[in-house]
Amino acid sequence: MKNRITELLSKTKKPVLSVFYTAGFPNLDDTEKIAIALETAGADMIEIGIPFSDPVADGPTIQMSNKKALDNGMTVALLLKQVAGLRSKVKMPIVLMGYLNPVMQYGFEKFFKDAANAGVDGLILPDLPLDEFEKFEPLTTSLNLSVSFLISPTTSETRIRKIDAISSGFVYAVSASSTTGAKGEFTTEQLAYFNRLKSYNLKNPFLIGFGISNYTTYSQACAYGAGAIVGSSFIQQISESKNLEADIHQFVVSLTTSK
Amino acid sequence: MRYEVDEKGYYGNFGGAYIPEMLYPNVEELRTHYLEIIQQPEFQKEFHELLQNYVGRPTPLYRAERLSEKYNAHIYLKREDLCHTGAHKINNTIGQILLAKRLGKQKIIAETGAGQHGVATATVCALMGMECMVYMGKLDMERQRPNVERMRILGTQVVPAVSGNMTLKDATNEAMRHWINHPTDTHYIIGSVVGPHPYPHMVTLFQSVISEEIKKQLLKEIGQPNPDYVVACVGGGSNAAGAFYHYLNEAHVNLVGVEAAGLGVDSGESAATTALGKPGVLHGSKTLLMQTTDGQVIEPYSISAGLDYPGIGPLHAHLFETGRVQFVSATDDEAMNAGIELARTEGIIPAIESAHAIAALSKLELTQEDVVVVNLSGRGDKDLETYIRWGKY
Ligand SMILES: Cc1ncc(COP(=O)(O)O)c(C=O)c1O
């Protein structure tokens, strides 16, 4: 079987919307409900965050969702169980994203195998060093799991090419030198950086994430990359939600259509 | 056995640089330049002149007569408490600010728990005319008001960390986030031998002046450079790393690290990382870490704000794993009693962190011939409130 991420990104002509949310937030068992609502609303891919006590790359919104999810009792084992349960209910690729320590305590090899068995298609582990990953690469490849690494505006071209070479599925282009969170419009420097990435003709498609919060930033990201990843502003939208399905639908529509 | 960092930034199984890509250029810039800069004769000259004329080094190695009598051994105190600003922390901040200047940085950030590292950073920033911002847990700001005001008097902006439990771990998270958001003009002065490579090694090098001096001073005092024991408290482990460094390959010198047991190692309110921790990744390095079985970091506890960190530096994790350093712990009660004891026997009120090292003396099986050096990492001025609240004197 082909990897769902590769499938999606090689087939579609239109840009991809990937939505990040924290597992176990706002409620412990919302993971499945949110996934289904997102697919129904038109999202193409989901990135489910594994909550961690010390999310150093995240701004206030995702810090809050991590804390709430942990207070709710979310764990790696429970998340994998939830993913296994929802896998047959959505068609889109499922990516897990998380800080290294919870994965390390679960056991790397066990995590990769159990994730693949649950139907996970890709992984993003932002604080996993490239050379530490090398020893796991044969395993993730054999499990048909894509592994995406991050690049940022300060990453050199040489390093971008190295990251592209070791990544599979897609490369995660962080839009700014920043922690996660909505920031308003993209600057000309950011657009120049997206353009530079485009000119590299990387092996993998790249998705642009961090700071995407409205139609303008969404469509700009889509103009340069294979699509956009939205996280903080989605989490904001659902944090006080009384009706997840309706709010998620409204969020996706307002993000992807011009006024 | 090898105790030096390897070219990938590891001490045995521990260390490395586990950082998100947004931090990579900052850390890489440091990694590729730190050794070359530190080894420059002109850097060394400026560093040592400041240590001598500004910090007040070498700090005395003091033979504690009455304490020696009490423990029936030859006990020496390495007086880091006499450093300018009251603790060893400034050895590191002097080194890092000189490095930051040479890297062309204009702004400095730091984290602080008790405020000692924050004050030491604020001090060197005032000295060098650099803009300084210190992250401090909101709870710690309330507990350590005098140090907050000291930093402010020195012209530093103290920023409350309001995430998590609002203590040292959270202040470190906030400082790292700030660094991610300011990748070019800012240097992050980490206050202990923790963080991604090259920090643990760099901070160890700056603190190694402690054992360099002990060797010279002991040679003069007893005719040989090596004692039988070197004892130091371990929070992140910077004063211990400095006191141990030049003895790591002297197998006959017993090295003892003292962690904070808080209310007791098994009480659930403790900071004894080697007793309670497992290998994990936090703040950029793989090390021993207090954590749940799910890999969530546990908030440690100690009466001493400088020792309540959930990890230890990767060098110490390696020294623990290889058995080169013996780790013991002292409870709040044992440390406070030892602090009062030092005050009464030697006229020195120690920092509560350092009192933990004194408390370990009764746990060692000392003989009459043993020469013991205790690294007295700081003075107790900052802890007066805690001594008063403790009350048993
Ligand atoms: C006097 C003193 N000793 C020790 C420590 C603990 O730090 P480290 O283990 O890095 O020496 C601190 C930290 O604030 C301190 O102020």
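## Terms and model

Two residues are in contact when heavy atoms lie within 4.5 Å of each other. The model described here is predicted.

## The contact between chain B and chain A

Chain A and chain B each bring residues to the contact: 33 residues from chain B and 33 residues from chain A. About 2,700 Å² is buried between chain B and chain A, and carbon and sulfur atoms account for 55% of this area. On the chain B side, B:E21, B:M22 and B:R177 supply 24% of the area buried against chain A, more than any other three residues.

Three salt bridges are counted between chain B and chain A. A salt bridge joins the side chains of A:D131 and B:K8, with 3.9 Å from N to O.

By type, the residues on the chain B side are 16 nonpolar, nine polar and eight charged.

## Helix α13 of chain B

Helix α13 (residues 314-321) of chain B is largely enclosed by the rest of the structure, because six of its eight residues are buried. The buried residues are B:P314, B:L315, B:H316, B:A317, B:H318 and B:L319. They pack against β1 (10-11), β2 (14-15), α9 (199-207), α11 (238-244), β12 and β13 (325-331) of chain B. After α13(B) comes B:G323, which has a positive phi near 80°.

Key
Residues numbered from 1 in each chain as written. Chains lettered and ligands numbered in written order. Predicted model: local features only at pLDDT ≥ 70, side-chain atom pairs only at ≥ 80, totals over all residues. Heavy atoms only, no water. Buried area = accessible area lost by both parts, 1.4 Å probe. Salt bridge = Lys/Arg side-chain N within 4 Å of Asp/Glu carboxyl O. Nonpolar A, V, L, I, M, F, W, Y, C, P; charged D, E, K, R; others polar. Buried < 20%, exposed > 50% of the residue type's maximum accessible area, 1.4 Å probe, protein only. Helix = DSSP H or I, 4+ residues; strand = E, 2+ residues; numbered from the N terminus.
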